[in-house]
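Subject: Structure for you to look at

Hello,

Here is the structure I promised to pass on. Please open it first, then read my notes below.

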Amino acid sequence: MAYRKRQRNKRKLWFLILLIVLIICAPFVYKYLTNKADDGNNFISSIIKPEEATVETLEVGFNDYLESPGASYILYSEAPKVKGLYVNASAVHSKERFNTLIDIANTTEINAFVIDVKNDSGRITFDMDNPQSDEIKAEVKYMNDINVVMDRLYENDIYPIARIVAFKDPWSSKKITDFAIKNKDGSLWMYDKISWLNPYNKDTWDYVLNVAKKAAEVGFKEIQFDYIRFEATRSLDNADFGKDAENKTRMEVISEFVAYAMKELKPYNVKVSADVFGTIITSKVDAKTIGQDYLAMAEKLDVICPMVYPSHYGKGFFGIPRDKHSDLYPYETILGSMKASNEKYKELNGKKAAIVRPWLQAFTASYLRKPNYKSYGPEEVRAQIQATYDAGLEEWILWHAGSKYNKDALLKEQ
């Protein structure tokens with residue numbers, strides 16, 4: 001017993017001596033490593049494998065990255081040249097469909113997903129602990145665990161873009177009628193049985209931006225606003241937008257919203273983009289009606305995304321025969337519209353402006369009826385992508401409302 005007691009005492013003594021030595025030497029070791037890191041040899045980087053790097057192992061300020069539960073990432077300090085797909089929330093909810101889309105990204109040139117966060121119905125697609133949206137029960141949890149979704153995107157090097165439908169919002173406008181566009185008699189203004197938020201009401205700005213901020217907090221690296229406009233109808237002429245509309249045009253108020261969104265989202269270290277009608281590039285009438293001033297928005301945004309689907313133009317655009325619909329000419333329509341954008345940008349006289357990233361058509365517009373449309377397969381999609389490049393642009397996104405894409409239209413991953 002005495003022997004065992006002596007042995008235990010010896011071990012305690014050696015442990016105490018070792019602890020004292022470590023305490024004494026720690027500052028010298030730290031100073032040595034710091035000096036090595038600073039002498040240009042990147043000593044710390046050389047002993048940490050890239051796949052093992054974390055915010056703690058790299059010399060990065062804490063405020064450079066947003067906190068988000070389960071999703072603290074160091075990727076995408078700079079956005080990639082986006083080659084993206086629109087992904088609706090139902091596709092994310094389906095394990096099989098989401099896996100298929102991730103496989104497309106892993107085996108082709110696709111490197112980004114534009115995912116519904118606030119959709120066309122005004123519903124929010126994950127639980128974001130937002131008191132205002134909680135109160136009106138706007139959340140429909142297509143994405144049961146948003147952190148799992150974000151982890152999968154980052155693990156597969158997919159740049160995450162949050163699609164947030166701004167003013168087309170039949171849910172919130174009915175739940176909080178003060179936010180809505182009204183008729184002169186005080187009733188809800190509707191177009192095609194859908195009510196909208198009033199862009200002249202700045203409370204609606206904060207509602208939309210609170211959703212955007214929550215999306216940034218969980219790890220989305222770009223906020224993309226859709227329906228950042230008025231509806232394209234003359235019936236709006238009889239609507240009551242409130243006192244602010246008396247001295248401010250639709251284009252002015254949308255541009256002001258963009259500026260406000262940029263300011264509010266700046267602390268979140270995200271890119272801000274917006275979808276715009278392709279026709280506003282060349283049509284002042286369309287620009288005034290829906291409130292989108294192409295250059296005024298481009299001067300403020302990080303990225304502007306004109307929706308230049310060939311199906312959305314009529315006949316005779318961009319040198320296309322007057323008796324032929326643009327849908328029959330995917331290459332010519334995209335090339336013509338993007339060259340028109342380039343010409344418009346010349347009016348900025350070299351001022352810094354948003355990256356132009358067009359939405360391209362990955363669907364068949366059968367609603368145009370024969371002979372005004374054609375089936376859009378890999379050849380038609382690829383023609384639009386090539387036209388984008390031929391116009392001198394580097395980024396694009398494909399739209400299919402059902403998020404169904406043909407890999408044959410895409411280049412294989414290099």
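Helix 12 and helix 13 (residues 378–390) have axes that come within 8 Å and cross at roughly 25 degrees. Axes here are lines fitted to C-alpha atoms, for helices over the stretch in contact, with angles from 0 to 180 degrees between N-to-C directions. Helices (H or I, at least four residues) and strands (E, at least two) are DSSP runs, numbered from the N terminus.

Who meets whom? Helix 12 brings Pro330, Tyr331, Ile334 and Leu335; helix 13 brings Glu380, Ala383, Gln384, Gln386, Ala387, Thr388 and Asp390. By class, that contact has six nonpolar, three polar and two charged residues. Nonpolar covers Ala, Val, Leu, Ile, Met, Phe, Trp, Tyr, Cys and Pro; charged covers Asp, Glu, Lys and Arg; the others, Gly among them, are polar.

A word on the source. This is a predicted model: local features need pLDDT of at least 70, side-chain atom pairs count only at pLDDT 80 or more, and totals for chains, interfaces and linings use all residues. Residues are numbered from 1 along each chain as its sequence is written, and side-chain values use heavy atoms, leaving out hydrogens and water.

The protein has 13 helices and 13 strands. Of its 414 residues, 47% count as buried (under 20% relative accessible area; exposed is over 50%, partly exposed in between; 1.4 Å probe, protein chains only).

The largest nonpolar core has 115 residues. Such a core is a set of buried Ala, Val, Leu, Ile, Met, Phe, Trp, Tyr and Cys residues joined through side-chain atoms within 4.5 Å. Phe113, Phe220, Phe225 and Ile304 touch the most other members. Helix 8 (residues 202–217) gives the largest share, eight residues. Beyond four places in sequence, Phe220 touches residues including Ile115, Phe126, Met150 and Val270. Contact means heavy atoms within 4.5 Å.

Last, Ser326. Serine 326 sits in the loop between strand 10 (303–307) and helix 12 (330–345). Is serine 326 buried or exposed? Serine 326 counts as buried, at 0% relative accessibility. Leaving aside neighbours within four places, serine 326 contacts Pro310, Tyr313, Gly314, Phe317, Ile320 and Thr333.

Best wishes
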